[in-house]
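Student: I have a new structure on my screen and would like to learn how to read it. Could you walk me through a few features?

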Amino acid sequence: MQNQLLDIPQENQLTRRLRGTIAWNLVTTIFHQSRFRFGLVLVLSTIFWAAVFCLFYDAFNFIDSMHAEVMSLLFNTFFSALMVMMIFSTGILMYGGLYRSGESSFLLTCPLRAEAIHAHKFTEALWFSSWGFILLGSPMLIAYGIVRDAPWSFFIMLIPFIVTFVIIPASIGSILCMLLVAGLPRLRLHTLSISLALVAMGILWFSWSTFGSVQSQALTPAWFEETLSRLAMTEQIFLPSWWLSSGLLDAALRGESRELTHKSTLEALKFLGLILANALFLSLVASWVARWTYRKGYSNLQAEVPTRRHRKIFWLDELLSRTGSQVGNPIRLLLVKDLQIFRRDVSQWSQFVIFFGLLALYFYNLRSFNYSHVYASLIGHLNLAVVGLILSTFTTRFVFPSISLEGRRFWILGLLPIHRDQIVWSKFLFSFVGGLIPCLGLILLSDSMLGLPWGAVFVHLTCCLALCGGLSGIAVGMGASMPNFRESSPAKIAAGFGGTLSLVLSAMFIILIVITVGFTNHFNLLQQTIGQLSGNTTSRLLGSYGGQVASLLIIIAGGLLATFLPLVLGIRAFRQLEP
Amino acid sequence: MIQFENATRTYGNKVAVSDLSLTIPSGELFALLGPNGAGKTTTIKMLVGLLRPSRGVIRVCGHDLITETRSAHLHLGYVPDEPYLYDKLTGHEFLRFIADMYRIPRDLSQERIKREIDRFELHEFADELAENYSLGMRQRLVFAAAFLHDPDVLVLDEPMVGLDPRSVRIVKDLLKAKTADGMTVFMSTHTLAMAEEMADRMGIMVQGNLKFLGTVSELREQVDMETRSLENLYLEITSSETGEDEVASDDT
């Protein structure tokens, strides 16, 4: 019997069934094999959702009672920013999914339409790029609906509004990605660099023009008015974010009579229709672009010749290899190797640069505001926590799997005249030094922009040192204690039980450090600012000089413990390991 | 069944495959040999539609791979050197997916899936997720998927890598039986002995050019004439820089 080609609905049904089966198998596997991780993710997500809901509930109550007219502006700013981010994130996800994945190579050799493959990968990318929006947007919009006493139809319309809206930026991202690859495959790196540079400049300009030039009246009514007028640029009638904001505001409106409420709901439905029509149109255009460009673009990319460069020895590698005594030489050589791999792995350093770069940008903008000492101290501590949390995601995502990944090359390391302990130590040093330099820089930037006194800066730097040591120790020690030599993907290793546990321990450690230093430092500043504290003895003790020293000692002790305990346990486990 | 008409593929300034003209009729097992970087993988990628030729035409069962891609793919089975499997699908689910893709009726597909599971001895792990498979198990499943829709043309890229001797035997017997039934097989390999044992005709590619094209016995004749081993002759062909001393025979 002759095989037959599938028609379009059958192709879509086939890929839908494929995704469904994969999702079901994934969920059942996680539920049966990683219940701890599954439960933890569920609990943390619920806590996060509830916290965001409470935050927005309070904020909307405040705004509703004082500045109801700014809601439209806030929604427009939020959704337009989200739209831009989704265009970029979907574009990047589609590039990886359509042109760089093993699955796309496989599907392209099957009798499927290019449009069907695109639709399959687009659905995946849509989910990956919009789950954050759902997690952040749903509590915000539900809180808004409750505060405004919105009719029930508002809550029902939320889902179609969100689903249809996210298709628009996702389709634009996908179309741009395919056109870029088909039209400019040889220039794609340059184009990408220029695009990113332009976006970075745009963000800088926007931040500066919005918040930067009104330093003298920061947080005053005049400053507030001026900032709002600048944000009004996001209220453009042709932007989908405006349609969404207007639709949601209309849907949440409860009129004085039933007819007025009905009228507002009808207005909201018109906006929903507008968004739906545009979403369908753009997804049709994306499908059409896929039909005409995808196979050609894929072929062009396959034919790209990687630039062969004779790599010279980098000055830092040379310097590292030569410094110090001969005794520690193997560790230095391992460090040089890890440094070379890090430099050549774009996924590692690009995320490092993006996250720490964004933090630096935010810290730099802190100087636009005039804070009281107490607020500055509070923000300084929060910034310390943020730096620690970002570092912990890196140590969990990249440092924790590094020992497991060595397992695949263990025969090389096993044949070399080096002790196994040195492998673990080299990983620790790499993580510690690599994390310490940018973190110290960021904390110095944050504290100097906030204008904190040198005593507070010294305490923050000590905390940063303890955080870098502790987080590196936890990640490397746990990685050596619970390696996974079967897995080649660092993302999957980090997502396993050991990685999740490492992340949880890291978060607990950060909280411990920040709270310890936060309380004493904060009470000390309060004492300096408003004189003797009128509160109870505990707060007076915490704010005293002795309390400061004690907290510093606790931080140093905690840092040393978090650094060396997991490392010692990890080294012990690693010595007895048989890969 | 397979036709290359002046197929050329360039990578920037480098010509990976140059003016390849070759016809492989129904029921023939063709082996493409050559050193690393000779253009074998590029040729295979063009044949399965992953790469478009910069010039020329490639047809499978009369269908142009550029203009009638899906029709050409309907007749193709492909076993790549690095097979892709969905980690979160079981072997059984993967075969079901392939059967549905070729629109094989449900009752017939059940029968064929059972046939391939028996043939490649997949019983033990067919209901396990592919993420737990060894290289050999993955390769056997990919072979089963490639044979499931009874393709007219089978393209194999280094097919025996990762297979144990018993599986190698199964594949070899199956290829012989299928070519006898009219299937065309295009196989890329590094192993001269494999090509010698299996191929009806072989091509030796060097730097994008077909340096030898002929039957195994024609290649043997060259050996006999100069009293050298097949291996020595292969090495001489593949190490030749200019191509002036070609030993290619006629029919392209």
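Tutor: Gladly! Keep in mind that this is a predicted model. Let us begin with a pair of helices: the crossing of helix 3 and helix 6 of chain A is right-handed.

Student: How are two packed helices described?

Tutor: By the angle between their axes and the distance between the axes. Here, the axes of helix 3 (residues 71-99) and helix 6 (residues 152-183) of chain A come within 7 Å and cross at roughly 50 degrees. Helix 3 and helix 6 of chain A are therefore oblique to each other.

Student: Which residues make the contact?

Tutor: Helix 3 of chain A contributes residues including A:Met83, A:Ile87 and A:Tyr95, while helix 6 of chain A contributes, among them, A:Val166, A:Ala170 and A:Cys177. By class, the residues of this contact between helix 3 and helix 6 of chain A are 14 nonpolar, four polar and no charged.

Student: Now a strand, please. Where do side chains go in a regular strand?

Tutor: They alternate between the two faces of the sheet. Look at strand 8 (residues 184-188) of chain B: B:Thr184, B:Phe186 and B:Ser188 point one way, and B:Val185 and B:Met187 the other way.

Student: Are those residues of strand 8 of chain B buried or exposed?

Tutor: All are buried.

Student: Which strands pair with strand 8 of chain B?

Tutor: Strand 3 (residues 29-33) of chain B pairs with strand 8 of chain B in the parallel sense over four bridges, and B:Leu29 stands opposite B:Val185. Strand 7 (residues 153-157) of chain B also pairs with strand 8 of chain B in the parallel sense, over five bridges; there, B:Val155 has B:Phe186 as its bridge partner.

Definitions and conventions. Residues numbered from 1 in each chain as written. Chains lettered and ligands numbered in written order. Predicted model: local features only at pLDDT ≥ 70, side-chain atom pairs only at ≥ 80, totals over all residues. Axes fitted to C-alpha atoms, helices over the stretch in contact; angles between N-to-C directions. Helix = DSSP H or I, 4+ residues; strand = E, 2+ residues; numbered from the N terminus. Parallel < 35°, antiparallel > 145°, perpendicular 65-115°, else oblique. Left-handed = near helix turned anticlockwise from the far one by under 90°. Contact = placed C-beta atoms within 7 Å. Nonpolar A, V, L, I, M, F, W, Y, C, P; charged D, E, K, R; others polar. Buried ≥ 20, exposed ≤ 12 C-beta atoms within 10 Å, placed from the backbone. Pairing = 2+ DSSP bridges.
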